[in-house]
Amino acid sequence: MKQIIKEIPKSLLVGFLCLVAALSFVSVWRLRELSVPVSGQELHAGPYTYVLDAGHGGEDGGATTADGVKESGINLAISLKLDALLHLLGQNTVMVRRDDRAVYDPGSETFSQKKISDLRNRVRLVEQTENAFLISIHQNEFPQAKYSGAQVFYNEIPPAKAFAKRLQSELAEKLDPENHRKSKSATDTVYLMRQIHAPGLLVECGFLSNPQEAERLQQDDYQTKLALVVACSVTASVQEEMQSNESKDNIPVYKLRQ
Ligand SMILES: [Zn+2]
C-alpha cells in the first residue's frame with residue numbers, strides 16, 4: 001500500500017481524497033480514520049503551513065444570530081474541521097485557538113486592550129510561522145436579513161488573490177449557486193490581513209443575520225461541507241502552483257499522516 005500511495009501523482013491523490021470525502025459524506029473525524037499510514041517516506045507536504053484562525057473567541061463573540069448564537073463558536077467548529085481535513089491531505093497546520101478563548105496576553109484588562117493584544121498575537125503567530133498561509137474563518141452580519149452568501153477576502157501577497165478567486169467560485173458552485181459574490185481585497189479593511197507578510201484568505205462563510213443561512217451555518221454537515229470545499233480548493237490551487245513551478249520529473253506526492 002505504501003508503494004501504491006507513493007506512486008500516485010498528488011493531483012490524483014488529492015482529487016481522490018476530495019471525492020471520497022464528498023461522496024461518503026461522513027464526519028471529518030471518521031475521515032481521519034481512513035488515512036493510510038505512510039511511514040519512513042520523505043514525501044513533501046506542500047510549501048505552506050496553514051495558520052488556521054478561528055475568528056474572535058472568549059468574551060469577543062463576534063457577530064450573533066437572532067437568537068444569540070455567537071460567531072466565535074461557529075468559526076471554531078469550521079476551523080477544527082478544516083484542520084482535520086488539511087491533515088488528512090498531508091498538509092501542515094497551526095491553529096490560533098482550539099477552544100473558546102481569545103489569545104490576548106495576560107495583564108490585558110479592558111475589552112479594547114484585550115482585542116488589540118489578541119489581534120497582535122494572531123499577527124505574531126503568522127509572522128513566526130515559516131512559509132505561513134493564513135486562512136481566517138469568520139461569519140458575516142448585516143442590518144438587513146435578506147443578504148446571504150459566503151465571500152472570500154484576500155491580502156495582496158501572492159498567491160492569495162488567485163486562490164481566493166478560485167475558492168469563491170467553488171463555494172458558489174458546490175454550496176450555493178445563487179451566490180454571485182466576488183472575492184475581494186481586505187488589505188485596507190482588516191488589520192490582520194494588512195499586518196502579515198504571508199498570503200492570507202479570510203472566509204466570511206455566510207450571514208448570521210440571515211435566518212436560513214444562520215441555521216445552515218450551525219449544522220455539523222454544512223460546516224463539514226464548507227471546510228471540505230476550502231480544504232480541497234486551496235490544496236488544488238497549491239498543487240497547480242507547484243506543478244507550474246517544477247519539472248515534470250520532480251512532482252512530489254502528498255503525505256498521508258498516521
Ligand atoms: Zn468575525
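This is a predicted model: local features need pLDDT of at least 70, side-chain atom pairs count only at pLDDT 80 or more; totals for chains, interfaces and linings use all residues.
I'll start with the whole chain. The chain has 258 residues, and 42% of them are buried. It contains nine helices and six strands. If we take contacts between residues at least 6 apart in sequence, 79% of those contacts join residues at least 24 apart.

Now the sheet. The six strands form an open sheet, and reading across, the order is β2-β1-β3-β6-β4-β5. The pairing in this sheet is mixed. Which strands stand at the edges? They are β2, residues 92-95, and β5; each has a single partner strand, so one side of each has no neighbour in the sheet.

Let me stay with strand β4, residues 151-154. On one side, β4 is joined to β6, residues 200-207, by four bridges, and these two strands run antiparallel. In that pairing, V152 is opposite V203 of β6. Strand β4 also pairs with β5, residues 184-185, this time in the parallel sense and over two bridges. Here the bridge partner of F153 is K184, while Y154 stands opposite S185.

Next, the side chains of β4. Q151 and F153 point one way from the strand, and V152 and Y154 point the other way. Are these residues buried or exposed? All four, Q151, V152, F153 and Y154, are buried.

Helix α6, residues 160-175, lies across β4 and β6. The direction of α6 is at about 175° to β4.

Last, the helix pair. Two packed helices are described by the angle between their axes and the distance between the axes. For α4, residues 71-88, and α9, residues 220-245, the axes come within 8 Å and cross at roughly 45°. That angle is why α4 counts as oblique to α9. The crossing of the two is right-handed.

Which residues make the contact? From α4 they are A77, I78, K81, L82, L85 and L86. From α9 they are Q223, T224, L226, A227, L228, V230 and A231. Sorted by class, the contact between α4 and α9 has ten nonpolar residues, two polar and one charged.

To recap: β4 has β6 on one side, antiparallel, and β5 on the other, parallel, with α6 lying across β4 and β6. Elsewhere, α4 and α9 cross at roughly 45°.

Terms used. Residues are numbered from 1 along each chain as its sequence is written. Axes are lines fitted to C-alpha atoms, for helices over the stretch in contact, and angles run from 0 to 180 degrees between N-to-C directions. Angles under 35 degrees count as roughly parallel, over 145 as roughly antiparallel, 65 to 115 as roughly perpendicular and the rest as oblique. A crossing is left-handed if the near helix is turned anticlockwise from the far one by less than a right angle, and right-handed if clockwise. Two residues are in contact if their C-beta atoms, placed from the backbone, lie within 7 Å. Ala, Val, Leu, Ile, Met, Phe, Trp, Tyr, Cys and Pro count as nonpolar, Asp, Glu, Lys and Arg as charged, and the others, Gly among them, as polar. A residue is buried if 20 or more other C-beta atoms lie within 10 Å of its own, exposed if 12 or fewer, and partly exposed in between; C-beta atoms are placed from the backbone. Two strands pair if DSSP finds at least two bridges between them.
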